[in-house]
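Please open the structure in a viewer and keep the selection tool at hand.

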Amino acid sequence: MSVDDANPRTDLAAKIKPEVPHAARMWNYWMGGKDNFEADRAAGDAVARVYPEIVRMAAESRTFLHRVVRYLAGEAGIDQFLDIGTGLPTMQNTHEIAQGIAPQSRIVYVDNDPLVLVHARALLRNTTPEGVTTYVDGDYHQPEQIIEDAANVLDFTRPIGVMFMGVLGYIADLEEMRSIVTRVMAAVPSGSYLVLWDGTNTGQAVSEGADQLEESGAVPYYLRSLEELGSIFDGLELVEPGLRPITHWHNENSARPIDAHGAVARKP
């Protein structure tokens, strides 16, 4: 089974606005990709001028994803993944890593960006005959709808790895962010895991970068304090080493810290 296009949209091209900087395309640019427009590159360069570490953050976020999926599919025995806000496909996506370890793994990607949808349908393909890789066109502000759609593929009586990888910083209100995560985790059974990372207000330069992002016309990104980000994991059991810079989580070759923190936590 491949990406679900049972309800294909014929107006996707009209929804892609190349003149407006867009988060997924800017992230693609910082990672050295080609799926971006001049507006994305201009805004990305403006942010990088005041916060050069954004380019390293983009790369480190992918290696963090690789490590957590290997941990979940290997050590934790998880073979179902709900990747919410997946962004543009790159090399070594969630399904490729998970199915490489557990061939039967089922992965549901969720995003509501039209350009992401086009690429997902084209590129997110199974790597094993017994696995399932599909895509839900959904908005994380509507978690109940995401759960309903994902239940067509995932078994919600068995543990699921829920992933929010650097995407919830686009929510201004911390309580709304908490509510979204809480509602998704309430729908998955005991033994499921939450993986979450976001940018943190742990340096002056990163704050200036966030200000520059907003000034560029892109959607603002709201940096969290470590206390705020840690509160999202309340009621869950943090996997060692807990909330850490994404460069340090289960990384024997730890690079220097970066203004992005994440954790993996189990639902008891």
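In which helix do Glu 53 and Arg 56 both lie, and how many residues apart are they? Both belong to helix H4, where they are three residues apart, about one turn of the helix. Helices (H or I, at least four residues) and strands (E, at least two) are DSSP runs, numbered from the N terminus.

Some conventions apply throughout. The model is predicted, so that local features need pLDDT of at least 70 and side-chain atom pairs count only at pLDDT 80 or more, while totals for chains, interfaces and linings use all residues. Residues are numbered from 1 along each chain as its sequence is written, and side-chain values use heavy atoms, with hydrogens and water left out.

**First stop: charged pairs**

Side chains of opposite charge can pair when their charged atoms come close. Here a salt bridge is a side-chain nitrogen of Lys or Arg within 4 Å of a carboxyl oxygen of Asp or Glu. Over the whole structure, a search finds nine salt bridges.

Remain with Glu 53 and Arg 56, whose side chains meet in a salt bridge at 2.8 Å, N to O. Arg 56 is buried, with a relative accessible area of 16%; buried means under 20% relative accessible area, exposed over 50%, and partly exposed in between (1.4 Å probe, protein chains only).

Next, select helix H3 (residues 38–50), which holds both Glu 38 and Arg 41, three residues apart, about one turn of the helix. Their side chains form a salt bridge at 3.5 Å, N to O. Glu 38 is exposed, at 52% relative accessible area, whereas Arg 41 is partly exposed, at 28%.

Then select Asp 79 and Arg 158, which form a salt bridge whose closest N and O atoms are 2.7 Å apart. Arg 158 lies in the loop between helix H7 (143–150) and strand S4 (161–165), and Asp 79 in the loop between H4 and S1, so the pair ties together parts that are 79 residues apart in sequence. Asp 79 counts as buried at 11% relative accessibility, while Arg 158 is partly exposed at 33%.

**Second stop: aromatic rings**

Rings of Phe, Tyr and Trp (its six-membered ring) pair if their centres lie within 6.5 Å; planes under 30 degrees apart count as stacked, over 60 as edge-to-face and the rest as tilted. The count by this rule comes to six aromatic pairs. Select Tyr 71 and Trp 249: the ring centres are 5.8 Å apart and the planes stand at 85°, so the pair is edge-to-face. Tyr 71 lies in helix H4 and Trp 249 in the loop between strand S7 (244–245) and strand S8 (260–266), so the two tie together parts that are 178 residues apart in sequence. Both count as buried, Tyr 71 at 12% relative accessibility and Trp 249 at 0%.

On a 1 Å grid over the protein atoms alone, a cavity is a set of points where a 1.4 Å probe fits but cannot get out, and a pocket is an open set with protein on both sides within 12 Å along at least five of seven lines; lining residues have an atom within 4 Å of a point. Grid points are joined across faces, edges and corners, and a volume is the space filled by probe spheres set on the points.

Select His 22, Ala 23, Ala 24, Asp 111 and Tyr 170, which lie nearest the centre of the largest pocket among its 40 lining residues. This pocket has a volume of about 900 Å³. Helix H2 (23–30) gives the largest share of the lining, five residues.

Where is the largest cavity? Look for Trp 27, Trp 30, Ile 54, Leu 213 and Tyr 221, which lie nearest its centre among 19 lining residues. It holds about 220 Å³ of space. H2, H4, strand S5 (193–199) and helix H9 (204–215) each give two or more residues to its lining.
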